[in-house]
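Here are some friendly notes to read alongside the structure. Take the points in order, with the model open beside you.

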Amino acid sequence: MSDRFDFLELGDAPPKAPAAQQSEGMPDSLAEQEPSARKSVRLKIQEVIGEPGREAGQFMNPAGIAVDGYGNLYVADTGNHRVQRIALNGDVLLYGGPGQGMGQLMGPVAVAPHPDGRFFLVADQGNQRIAAFRITGEFDRPFTGFLGPSGVCFDGDGRCWIADTGNSRVLCVDARSGVMLLRLDRSQGVLRPIALCCDERKNVYVTDEKTRDVTCYSPVGQKVRAVSEFRNLSQPRQTAVDKEGRLYIAESGASRLHVLSPDAVSIETVEQPMRKLGPLKQPCGVALGPNGEIYLSDTLNHRILRFAWE
């Protein structure tokens, strides 16, 4: 059994520690990627992490999530105004706490660990800033000049992408200096960006609340392809892309996890992972572990779910 926590355990084993392996290249666009094999496969629930509450390992409306290269899970515990870092053995570190001061958070909605593992960034939406914390627990610094930032992620070069939601733009910045390197705005079809992810080829995927779409942009900001060219989505939130090019979408409006093949064919949807767990309720976050684990923040059920392909 999984030993992440003592409650709500599922699955035969906890996630494996990540193995060192060579990164594989990813195609530059959805259209250029080879169609995935349409086998009869499905996602199976492996673990339930957390329950409603305010103690360590409990959540209130968890939103954006992330997993670092060591398998540690990061949760933007929005309703508790904090970030939780949960190790494979169940150890929990808490960062933040309600407030407007340095090191405090107000309604954090996204979190992104830097590839070097030394620090992570938080979209501190209520305080209109991006907050940097060291892994050891110390608050590092704030980055300001944003209006309701809702998404943050790193690409393979360690560049930070920020969804500056209220200003209708996505910024690519140097994570240490805060110097802007690139911007996407209305001229590139960005209206109200609310979530971001990057693939292994350093393309950035922008979820836009106003267009209800997910659009892929190249590392230099050129539009590649939008999911709306193939299908409509219902209030998409955070996304993730695996090594096979599959796109995972926390489709909040449909209360489901939606998986698309590289050629944008719907290959899996999860609305109720197991009868005794009940249906998903407006999931907002999705992230992938180093060994292909799929994590979903089941937001209004106040829990995180871990899945694996059968």
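1. Strand 7 and strand 8 run antiparallel and are joined by six bridges; two strands count as paired if DSSP finds at least two bridges between them. Strands here are DSSP runs (E, at least two residues), while helices are runs of H or I with at least four residues, and both are numbered from the N terminus. Within this pair, Phe-120 stands opposite Phe-133 in strand 8.

2. A word on what you are looking at. This is a predicted model, in which local features need pLDDT of at least 70 and side-chain atom pairs count only at pLDDT 80 or more, while totals for chains, interfaces and linings use all residues. Residues are numbered from 1 along each chain as its sequence is written, and side-chain values use heavy atoms, with hydrogens and water left out.

3. Now the sheet around that pair. Four strands form an open sheet in the order 6-7-8-9, with antiparallel pairing. Strand 6 and strand 9 (139–143) are at the edges with a single partner strand each, so one side of each has no neighbour in the sheet. On average, neighbouring strands of this sheet are turned by 20 degrees against each other, direction ignored; the axes are lines fitted to C-alpha atoms, and angles run from 0 to 180 degrees between N-to-C directions.

4. The chain as a whole has zero helices and 24 strands. It counts 310 residues, of which 55% are buried; buried means under 20% relative accessible area, exposed over 50%, and partly exposed in between, with a 1.4 Å probe and protein chains only. Of the contacts (heavy atoms within 4.5 Å) with a separation of 6 or more, 47% are between residues 24 or more positions apart.

5. Which residues have the most contacts inside the largest nonpolar core? They are Leu-121, Ile-130, Val-152, Phe-154, Cys-160 and Ile-162, in a core of 17 residues. Such a core is a set of buried Ala, Val, Leu, Ile, Met, Phe, Trp, Tyr and Cys residues joined through side-chain atoms within 4.5 Å. The elements that give two or more residues to this core are strand 6 (108–113), strand 7 (119–124), strand 8 (129–134), strand 10 (151–154), strand 11 (160–164) and strand 12 (169–173). Apart from it lies another core, of 16 residues, and Ala-250, Val-270, Leu-280 and Leu-305 are among them.

6. Leaving aside neighbours within four places in sequence, its contacts include Ala-110, Leu-121, Cys-160, Trp-161 and Leu-196.

7. A second open sheet of four strands has the order 10-11-12-13, again with antiparallel pairing. Its edge strands are strand 10 and strand 13 (180–184), each of which pairs on one side only. Strand 10 is joined to strand 11 by four bridges, and Gly-151 stands opposite Ala-163 in strand 11.

8. Seven aromatic pairs turn up in a search of the whole structure. Rings of Phe, Tyr and Trp (its six-membered ring) pair if their centres lie within 6.5 Å. Tyr-74, Tyr-95, Phe-120, Phe-133 and Phe-139 are linked into a cluster by ring pairs.

9. Is His-114 buried or exposed? It counts as buried because its relative accessibility is 15%. His-114 lies in the loop between strand 6 and strand 7, and beyond its neighbours within four places in sequence it is in contact with Phe-119, Phe-120, Phe-154, Gly-158 and Ala-175.

10. Further along, strand 18 (236–241) is largely enclosed by the rest of the structure, because six of its six residues are buried. Strand 18 pairs with strand 19 (residues 247–251) in the antiparallel sense over four bridges, and Val-241 stands opposite Leu-247 in strand 19. The hairpin of these two strands has five residues between them, and there Gly-245 takes a positive phi near 85 degrees.

11. Finally, look at two loop residues. Most residues other than glycine have a negative phi. Ser-255, in the loop between strand 19 and strand 20 (256–260), has a positive phi of about 50 degrees although it is not a glycine. His-302, in the loop between strand 23 (294–298) and strand 24 (303–309), has a positive phi near 55 degrees.

Notes
Rings of Phe, Tyr and Trp (its six-membered ring) pair if their centres lie within 6.5 Å; planes under 30 degrees apart count as stacked, over 60 as edge-to-face and the rest as tilted.
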